[in-house]
Amino acid sequence: MSEMVLLGDEAVAQGAIDAGLSIAYGYPGTPSTEIVEYLQEWKRKEDESLIASWCSNEKTAYEAAVAVSMMGKRALVTMKHVGLNVAADAFMNSVGYTIHGGLVLAVADDPGMHSSQNEQDSRYYADFARTICLEPRNQQEAYEMTKDAFELSEKLHLPVLLKLTTRISHSRAVIKRGEVRPKNEFNPSKDRSHWTNLPFLSRQNYEDLWQQRPVLAEISEKSDYNPLILNGNNRDVAVITTGLAYNYYKEAERDLENKPSHLHISFYPMPEDKIRELAGSAKRVIVIEEGYPFVERFLKGILPQAVQVDGKLNDVIPHLGEITPDICRKAMGLEAFEKAEIPEIEMPGRPPQLCKGCPHTDSYKALNEVMGEYENPVVTSDIGCYTLGYFAPHNAIHSCLDMGAAVTMARGAAEAGAHPVVGVIGDSTFMHTGIQGLVDMLSAGNKVTLMILDNSITAMTGMQQTIVESSGIINVVKGCGVSPEHVRTIIPLPKHHEENVKIIREEVEYNGVSVIIAQRACIHVVKRKYAKG
Amino acid sequence: MTYNIVLCGVGGQGVLSVAAIIARGAMMEGLQVKQAEVHGMSQRGGAVIATMRISSEEIFSDLISEGQADMILSMEPLESIRHISYLRKGGQLITGKEPFINIPEYPEQDKLYSVIDSIPGSMIIDTKNLAVEAGSQRAQNMVLVGSASKVLPIKEETFLKAIENVFTRKGEEIVTINKKAFVLGRNS
Ligand code: SF4
């Protein structure tokens with residue numbers, strides 16, 4: 001069939017389409033964002049009936065997808081690794097259900113933290129939930145595994161986690177498309193007991209899940225996704241790889257004279273027998289895996305002590321950051337390549353920064369002026385372009401924890417005695433998990449100012465539509481119970497600077513919860529509109 | 001044959017379009033391509049790096065090992081030096097001349113040029129002026145592709161076709177400007 005050049009994320013989307021996907025939900029998060037974007041483009045050009053929507057957060061997305069499955073159709077949910085923390089409650093509880101229409105959760109991890117706040121490894125969530133995890137090693141596999149994930153999900157009645165990483169998601173390669181399967185018909189599950197988590201039902205569902213373990217283990221043992229290649233002539237060392245480490249190892253392997261036996265694992269739960277077979281062939285096993293030492297720890301539990309296990313736990317592989325071809329070469333005892341001569345020069349860093357003319361710059365200027373008038377001001381921030389307000393020349397924020405924490409941390413800081421306290425959060429982030437914090441704050445009656453930096457878009461992840469427009473946000477804020485005279489709007493532009501400073505000054509001195517909405521579209525949104533005429 | 005390129009610059013400079021054109025060209029010649037990109041936070045005015053591997057054989061790794069890049073292709077001088085540990089011995093460094101100064105401690109330009117000159121076979125291209133000559137300052141990245149094309153294992157006609165393919169959507173004028181920028185870069 002046809003060939004296409006696709007990003008890994010796009011390959012997942014195409015795989016889902018060809019697997020008969022009906023509905024996809026997600027929340028934008030680098031490096032997962034392009035999956036839903038591709039589906040939206042597909043809807044526009046190829047298939048109007050496909051639904052691909054951004055939701056207010058990962059949990060709402062996942063829950064909606066569960067209902068699609070209950071109606072018998074195939075659903076895909078996408079998010080980045082930290083998003084799964086938000087959706088974890090729904091995910092964990094859904095595994096006890098008897099999934100009806102295929103339900104696939106595509107999670108993109110970001111080892112090396114290219115644009116994330118941590119490196120967590122989603123394989124643990126799949127294991128925690130006792131379900132299947134598939135981990136592609138290239139774009140073609142991302143395509144095929146997505147299709148297989150839907151099949152497995154329907155066959156085994158489980159949600160299946162597809163674990164991606166930045167390098168898979170954001171690398172391009174040629175994809176060969178396979179067969180296209182029609183979508184499922186509307187076919188609601190009639191079995192209420194499998195969709196209701198009442199304790200007496202959950203106990204049964206959980207037991208069923210446990211009984212299913214041997215079935216999963218057998219599939220894993222037989223799966224082509226866990227290829228084992230034995231070399232009886234090398235008794236010294238054997239290698240286990242996962243994810244992209246496969247590719248890097250294969251590059252290094254070309255330079256090895258006596259190739260070790262090699263097991264690649266990309267279907268979890270792990271194939272224990274294959275692991276034992278591999279380890280039985282050598283004195284030492286090197287585990288090269290991206291993310292946490294997940295396989296490595298497992299090995300220590302099942303292998304005899306005589307087998308030496310090398311990996312992240314004894315620093316044969318670095319614990320932090322991305323795996324690279326160089327790390328693999330070194331682990332396999334190969335020399336580094338000769339480099340060009342490197343001239344001596346001091347390299348200054350070049351961190352990302354707000355675009356020239358960004359509305360946030362003007363918001364921070366006004367905010368800084370007011371905060372400068374106090375001895376111990378606290379500005380709690382959130383996840384988005386405005387987090388770059390951390391850097392000079394703004395130096396405007398004191399914290400950034402996760403989505404929504406600007407609001408809840410502002411409350412905590414205020415109750416601990418800080419004044420003034422300002423929480424800054426974006427429009428999309430406010431809808432994600434900011435609202436709940438605002439409700440908390442109002443119930444506690446804190447003296448806090450919330451600044452919603454409303455640029456009319458989810459900018460950092462690449463301009464995804466926010467689910468509520470500016471006018472809507474004002475109503476949401478008022479509806480939560482903020483007193484209407486303390487819901488103010490400003491336009492962050494240099495010409496309004498004095499006026500904005502005055503408004504911020506007034507509101508931080510208000511003895512209650514005030515909200516200032518800084519409304520001005522991201523310059524790229526304006527440009528795009530302008531370009532369209 | 002495998003050819004490894006490290007593409008660099010500052011977020012927003014059009015590094016990904018450079019990658020897209022070279023990838024398209026390579027594909028049109030029936031080569032394998034693996035291209036790793038940068039998205040998200042790092043795109044906002046920060047240092048960006050993308051890697052591209054072109055090969056007549058199977059490519060496993062998306063990333064390039066240190067000392068294995070045949071070419072460093074950079075939109076601006078400082079960034080061309082940042083990733084120099086990837087360059088193999090005898091590899092080629094090509095950079096745009098115009099610095100992108102958005103940090104206070106940007107080194108003295110002459111110092112940068114002399115470091116670049118000390119690398120054998122390096123090229124500093126006046127991408128800005130050539131792009132203006134082609135009709136738009138925004139076509140600097142195509143000038144750079146043109147310069148790189150002198151060394152890359154892809155034919156000139158293929159590149160021109162690739163440019164047409166990628167830019168047709170944006171109208172005939174943009175195609176013409178970008179082609180001209182490419183040719184000026186190639187002849188520089
Ligand atoms: S993308 Fe938009 S919101 Fe983000 S820094 Fe640039 S102008 Fe500001």
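N395(A) is found in the loop between β15 and β16 of chain A. Helices (H or I, at least four residues) and strands (E, at least two) are DSSP runs, numbered from the N terminus. N395(A) has a positive phi of about 40 degrees, although it is not a glycine. The loop also holds P393(A), between β15 (378-381) and β16 (399-400) of chain A. The peptide bond from A392(A) to P393(A) is cis, with omega near 5 degrees. Most residues other than glycine have a negative phi, and most peptide bonds are trans.

This is a predicted model, in which local features need pLDDT of at least 70, side-chain atom pairs count only at pLDDT 80 or more, and totals for chains, interfaces and linings use all residues. Residues are numbered from 1 along each chain as its sequence is written, chains are lettered from A and ligands numbered from 1 in the order in which they are written, and side-chain values use heavy atoms, with hydrogens and water left out.

## Chain A as a whole

Chain A has 19 helices and 20 strands. Its radius of gyration is 26 Å, close to the 24 Å that the globule rule gives for 533 residues, so chain A is as compact as a globular protein of that length. The radius is taken over C-alpha atoms, and the rule is 2.2 Å times the number of residues to the power 0.38. Along its principal axes, the C-alpha trace of chain A spans about 80 × 70 × 50 Å.

Of the 533 residues of chain A, 59% count as buried. Buried means under 20% relative accessible area, exposed over 50%, and partly exposed in between (1.4 Å probe, protein chains only). Contact means heavy atoms within 4.5 Å. Among contacts in chain A between residues at least 6 apart in sequence, 79% join residues at least 24 apart. Chain A has 53 positive and 69 negative side chains, and the centres of the two sets lie 3 Å apart. Lys and Arg count as positive and Asp and Glu as negative; His and the chain ends are not counted. Each charge is placed at NZ of Lys, CZ of Arg, CG of Asp or CD of Glu.

P31(A) sits in the loop between β2 (23-26) and α2 (34-45) of chain A. The peptide bond from T30(A) to P31(A) is cis, with omega near 10 degrees.

S32(A) lies in the loop between β2 and α2 as well. At 1% relative accessibility, S32(A) counts as buried. Leaving aside neighbours within four places in sequence, S32(A) is in contact with D9(A), Y27(A), M79(A), K80(A) and A108(A).

G311(A) is found in the loop between β14 (308-310) and α13 (325-331) of chain A. At 0% relative accessibility, G311(A) counts as buried. Not counting residues up to four places away in sequence, G311(A) touches V287(A), E296(A), V316(A) and I317(A).

D315(A) lies in the loop between β14 and α13 too. At 59% relative accessibility, D315(A) counts as exposed. Its phi is near 65 degrees, a positive value in a residue other than glycine.

UniProt lists residues 382-468 of chain A as "domain: Thiamine pyrophosphate enzyme TPP-binding", in an unreviewed entry. UniProt positions are given in the numbering used here, feature names are shortened, and annotations may be inferred rather than shown by experiment. Over residues 382-468, the chain is 33% helix and 17% strand, and the end C-alpha atoms are 18 Å apart.

Helix α17 covers residues 470-480 of chain A. Its buried residues are S470(A), G472(A), I473(A), I474(A) and V477(A). What covers them includes α16 (427-444), β18 (448-454), β19 (487-490) and β20 (513-519) of chain A. Just after α17(A), G481(A) takes a positive phi of about 115 degrees.

## Chain B

Chain B has seven helices and six strands. Along the sequence they follow the pattern β-α-β-β-β-α-β-α-β-α-α-α-α. The radius of gyration of chain B is 15 Å, close to the 16 Å that the globule rule gives for 188 residues, so chain B is as compact as a globular protein of that length. Its C-alpha trace spans about 40 × 40 × 35 Å along the principal axes.

Of the 188 residues of chain B, 59% count as buried. Chain B has 19 positive and 21 negative side chains, and the centres of the two sets lie 3 Å apart.
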